[in-house]
Amino acid sequence: MKAEFWLNKWKLNEIGFHQETTNEALQAHWPSVRVPAGGSVLVPLCGKSLDMCWLAEQGHAVIGIEVSALACEAFFNGQGLEPRIEATGQLLSMSAGAYRLLQGDFFESTVADIGAADAFYDRAALVAMPPDMQPAYVRQLISLLPPGTAGIVNCVEYPPDAMAGPPFSIDEARLRHLLEPYCRVERCASREVETLGSGLKERGLAGLTETVYRARVNP
């Protein structure tokens, strides 16, 4: 989706994609990524995700990229932190504690903006992109990561005619088509997720499958 779509979602507080707890797949499978102690983790389209707090608790420096200033401010307010704000390239850098959120368009971010990331975590970024934007998202993500960098990618699957995204359904074949030109991909696990009580249920989706993959950028 274009930046204006997500800016409007945050302005209207239509953020059903935000989870109030740490993602279970992250907790279960992050150790297998084997990030160096104290390593930094890139979190694209991070919103105000509490997953960033969990990553920080594991000893990581967290580098998030988020288009909405409201989301960035909400994250720091939620953690009781007052960020230092400065310009970096086309983005604004907001830093406090273990966190540095780059506020601006993900597609305008550069390696110079983020520095050297040691790992990455994508819970809801790739699935937020419509199919025609997914290849560009992957190319941009890979351009920000050093060779050998590993991370976690979460995807959701549901019948294509059940709902119009986002989130968009990405099955294993589609994910491999997108990532395998650049990465080695391993399927970790899947789980069935009920949508009862969520906005997805109201949009006609009775349930979905969440699948987590581990990916490592080719040397």
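Me: Quick one to start: does Glu210 count as buried or exposed?
Reply: Glu210 counts as buried, because its relative accessibility is 9% and the cut-off for buried is under 20%. Keep in mind that this is a predicted model.

Me: Okay, and where is Glu210 placed?
Reply: Glu210 is in strand S9.

Me: Which side chains make polar contacts with the side chain of Glu210?
Reply: One is Arg191, whose side chain makes a polar contact of 2.8 Å with that of Glu210. The side chain of Asn23 is joined to Glu210 too, by a polar contact of 3.4 Å.

Me: What else does Glu210 touch?
Reply: Leaving out residues up to four places away in sequence, Glu210 touches several residues, including Ala25, Asn154, Cys155, Val156 and Val193.

Me: Which strand does S9 pair with, and in what sense?
Reply: S9, residues 207-217, pairs with S7 in the antiparallel sense, over eight bridges. If you want a spot to look at, Thr209 in S9 stands opposite Glu157.

Me: Let's stay on S7 then. Why is S7 largely enclosed by the rest of the structure?
Reply: S7 covers residues 150-157, and seven of its eight residues are buried, so the rest of the structure largely encloses this strand.

Me: And S6, how does that strand pair with S7?
Reply: S6 (residues 119-122) pairs with S7 in the parallel sense, over four bridges. Look for Tyr121, which stands opposite Ile152 in S7.

Me: What does the chain go through to get from S6 to S7?
Reply: The chain goes through helix H6, residues 134-143. This makes a β-α-β crossover, and the crossover is right-handed.

Me: Where do side chains point in a regular strand, by the way?
Reply: In a regular strand, side chains alternate between the two faces of the sheet.

Me: New topic: cysteines. How many disulfides does the structure hold?
Reply: Zero disulfides. Take Cys53: the nearest cysteine sulfur is that of Cys46, 11 Å away. A disulfide needs the two sulfur atoms within 2.5 Å, so Cys53 is in no disulfide.

Me: How accessible are Cys53 and Cys188?
Reply: Cys53 counts as buried, at 10% relative accessibility. Cys188 has a relative accessible area of 23%, so Cys188 is partly exposed.

Me: You mentioned Cys46. Where is Cys46 found?
Reply: Cys46 is in the loop between strand S1 (40-44) and helix H3 (51-57). Cys46 counts as buried, with a relative accessibility of 5%.

Me: What does Cys46 touch?
Reply: Not counting residues up to four places away in sequence, Cys46 touches Met52, Gly64, Ile65, Glu66 and Leu101.

Me: And how far is Cys46 from Ala71?
Reply: Cys46 and Ala71 are 25 residues apart in sequence, and their C-alpha atoms are 8.6 Å apart in space.

Me: Last topic, rings. How many aromatic pairs are there in the whole structure?
Reply: A search of the whole structure finds five aromatic pairs. One of them is Phe75 with Phe76, with centres 5.6 Å apart and 70° between the planes.

Me: Is that pair of Phe75 and Phe76 stacked or edge-to-face?
Reply: Edge-to-face, because planes over 60 degrees apart count that way.

Me: Which residues do ring pairs link into a cluster?
Reply: Phe75, Phe76 and Tyr99. Phe75 counts as buried, at 1% relative accessibility, and Phe76 counts as buried at 1% too.

Terms used: Residues are numbered from 1 along each chain as its sequence is written. This is a predicted model: local features need pLDDT of at least 70, side-chain atom pairs count only at pLDDT 80 or more; totals for chains, interfaces and linings use all residues. Side-chain values use heavy atoms; hydrogens and water are left out. Buried means under 20% relative accessible area, exposed over 50%, partly exposed in between (1.4 Å probe, protein chains only). Helices (H or I, at least four residues) and strands (E, at least two) are DSSP runs, numbered from the N terminus. Two strands pair if DSSP finds at least two bridges between them. A crossover is right-handed if, with the strands pointing away from the viewer, the path from the first strand over the helix to the second runs clockwise. Rings of Phe, Tyr and Trp (its six-membered ring) pair if their centres lie within 6.5 Å; planes under 30 degrees apart count as stacked, over 60 as edge-to-face and the rest as tilted. A polar contact is a pair of N or O atoms within 3.5 Å; within protein, one must be able to donate a hydrogen and the other to accept it, and residues adjacent in sequence count only if both atoms are side-chain atoms. Contact means heavy atoms within 4.5 Å.
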